[in-house]
Amino acid sequence: MASLIHILGLSIWLFLASQGSKSAVSQKPVDIVRGSVYIDGGSSIGMIDEDFICATIDWWPPTKCDYGTCSWGNASLLNLDISNKILLNAIEAFSSLKIRLGGTLQDKVVYQFRDDPGTCTQFVKDSTEMFGFTRGCLPMSRWDELNNFFKMAGANVIFGLNALNGRTIGSDGSTAGAWNSSNAESLIRYTVNKGYTIYAWELGNELSGNGIGAKVAADQYAYDVITLQKIVQDVYRGFETKPLVLGPGGFFDANWFTKFIKGASNSLQVVTHHIYNLGPGISQGLRDIENI
Ligand SMILES: *[C@@H]1O[C@H](CO)[C@@H](O)[C@H](O)[C@H]1NC(C)=O
Ligand SMILES: *[C@@H]1O[C@H](CO)[C@@H](O)[C@H](O)[C@H]1NC(C)=O
């Protein structure tokens with residue numbers, strides 16, 4: 001049965017800055033859509049979970065600037081103010097909000113362990129480095145704080161692991177060698193020992209297809225996902241519910257994804273991919289809203 005939804009004169013109020021002057025802000029209704037949408041309600045092709053809303057907390061430090069602005073401020077996993085009640089309430093209100101922890105720099109993060117508190121250094125801006133920053137470190141004390149916060153907020157945490165660890169990276173971004181899982185395994189073991197619940201472990205960020213900065217071949221990536229699943233099965237042995245294994249969290253490339261999914265088969269529980277239909281968020285209209 002096909003139902004018809006008329007979208008008539010859907011007007012959205014946008015706050016538009018008048019040309020030339022950012023301070024002179026006017027309110028104008030803008031007609032965005034006028035048309036008809038037909039929905040075949042009788043044959044669904046897929047289902048979404050009830051808690052399908054998802055947000056990301058990234059790693060970018062305050063010194064990350066592009067498109068003429070340093071927009072990240074203290075929004076990183078490493079410096080976000082998690083004692084902020086408004087933030088806590090906002091996340092709680094979704095019950096549950098899926099929060100993915102990751103982004104470009106996740107593949108340059110090392111997890112701090114035991115004997116090396118002195119060497120847990122933060123990302124430093126360096127244009128000669130891939131992604132414009134040196135490696136950074138996640139102190140376990142911060143990991144503790146984050147987990148306590150997410151538990152209080154009732155969030156489902158999806159953690160993006162560093163998938164470049166151990167690989168050799170060529171000047172064209174191609175990589176050689178297998179994922180070295182040892183640092184990730186330490187993090188997973190630590191997390192389990194502390195009793196923190198992780199909804200899913202995801203391997204890598206935007207390394208599929210041609211990659212962003214670096215790329216990993218599909219068959220190698222599949223092999224590495226199998227390694228991650230083995231670690232999860234081992235560390236969570238005896239647990240009724242085990243975290244899911246996700247990947248590759250990158251841009252879709254039909255050939256790459258076909259090979260990858262075939263290769264990883266049973267070890268991969270959720271296929272993730274990134275889309276930027278709205279671009280990088282640099283449209284002037286968006287900026288003007290942001291500046292109000
Ligand atoms: C980020 O936090 C630091 C330390 O609390 C503070 O000095 C700085 O002003 C903050 N930056 C922004 C953009 O809020
Ligand atoms: C993986 O990394 C660990 C820690 O840096 C290192 O001790 C180990 O030798 C590496 N494993 C391989 C196979 O390179």
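Which residues form a nonpolar patch on the surface? They are I48, F52, I53 and F94, with about 410 Å² of accessible area together. This is a predicted model: local features need pLDDT of at least 70, side-chain atom pairs count only at pLDDT 80 or more, and totals for chains, interfaces and linings use all residues. Residues are numbered from 1 along each chain as its sequence is written, and side-chain values use heavy atoms, with hydrogens and water left out.

**Overall fold**

- The protein chain has six helices and twelve strands. Helices (H or I, at least four residues) and strands (E, at least two) are DSSP runs, numbered from the N terminus.
- Of the 292 residues in the protein chain, 38% are buried. Buried means under 20% relative accessible area, exposed means over 50%, and partly exposed lies in between (1.4 Å probe, protein chains only).
- Take contacts between residues at least 6 apart in sequence: 69% of them join residues at least 24 apart. A contact means heavy atoms within 4.5 Å.

**Surface**

- The accessible surface of the protein chain is about 16,700 Å², and 55% of it belongs to carbon and sulfur atoms. Accessible areas come from the Shrake-Rupley method with a 1.4 Å probe; for residues, only the protein chains shown count as cover.
- One member of the nonpolar patch, F52, sits in the loop between β2 (25-40) and β3 (54-57).
- Patches are made of residues with over 30% relative accessible area and no salt bridge; like charges are joined within 9 Å, and nonpolar side chains (Val, Leu, Ile, Met, Phe, Trp, Tyr) within 5 Å.

**Nonpolar core**

- The largest nonpolar core has 60 residues. Such a core is a set of buried Ala, Val, Leu, Ile, Met, Phe, Trp, Tyr and Cys residues joined through side-chain atoms within 4.5 Å.
- Y111, W143, F159, L161 and W201 have the most contacts inside this core. Helix α4 gives the most to the core, with eight residues.
- F159 touches residues including W59, Y111, W143 and W201, not counting residues up to four places away in sequence.
- In soluble globular proteins, nonpolar side chains tend to be buried together.

**Helix α2**

- Helix α2 (residues 140-153) has 14 residues. From first C-alpha to last, α2 reaches 20 Å, close to the 20 Å expected at 1.5 Å a residue. The expected span is 1.5 Å times one less than the number of residues.
- Among the buried residues of α2 are M140, W143, L146 and F150.
- G154 follows α2, and its phi is positive, near 70 degrees.

**Salt bridges**

- The whole structure holds eleven salt bridges. Each is a side-chain nitrogen of Lys or Arg within 4 Å of a carboxyl oxygen of Asp or Glu.
- R142 is buried at 10% relative accessibility, while E145 is partly exposed at 42%.
- E129 and K108 meet at 3.0 Å, N to O. This pair links distant parts of the chain, 21 residues apart. E129 is partly exposed at 31%, but K108 is buried at 6%.
- D224 and R167 meet at 2.8 Å, N to O. D224 lies in α4 (residues 218-235) and R167 in the loop between β7 (156-161) and β8 (168-169), so the pair ties together parts 57 residues apart in sequence. Both D224 and R167 are buried.
- Salt bridges that share partners join E185, R189, D234 and R237 into one network.

How values were computed:
Chains are lettered from A and ligands numbered from 1 in the order in which they are written.
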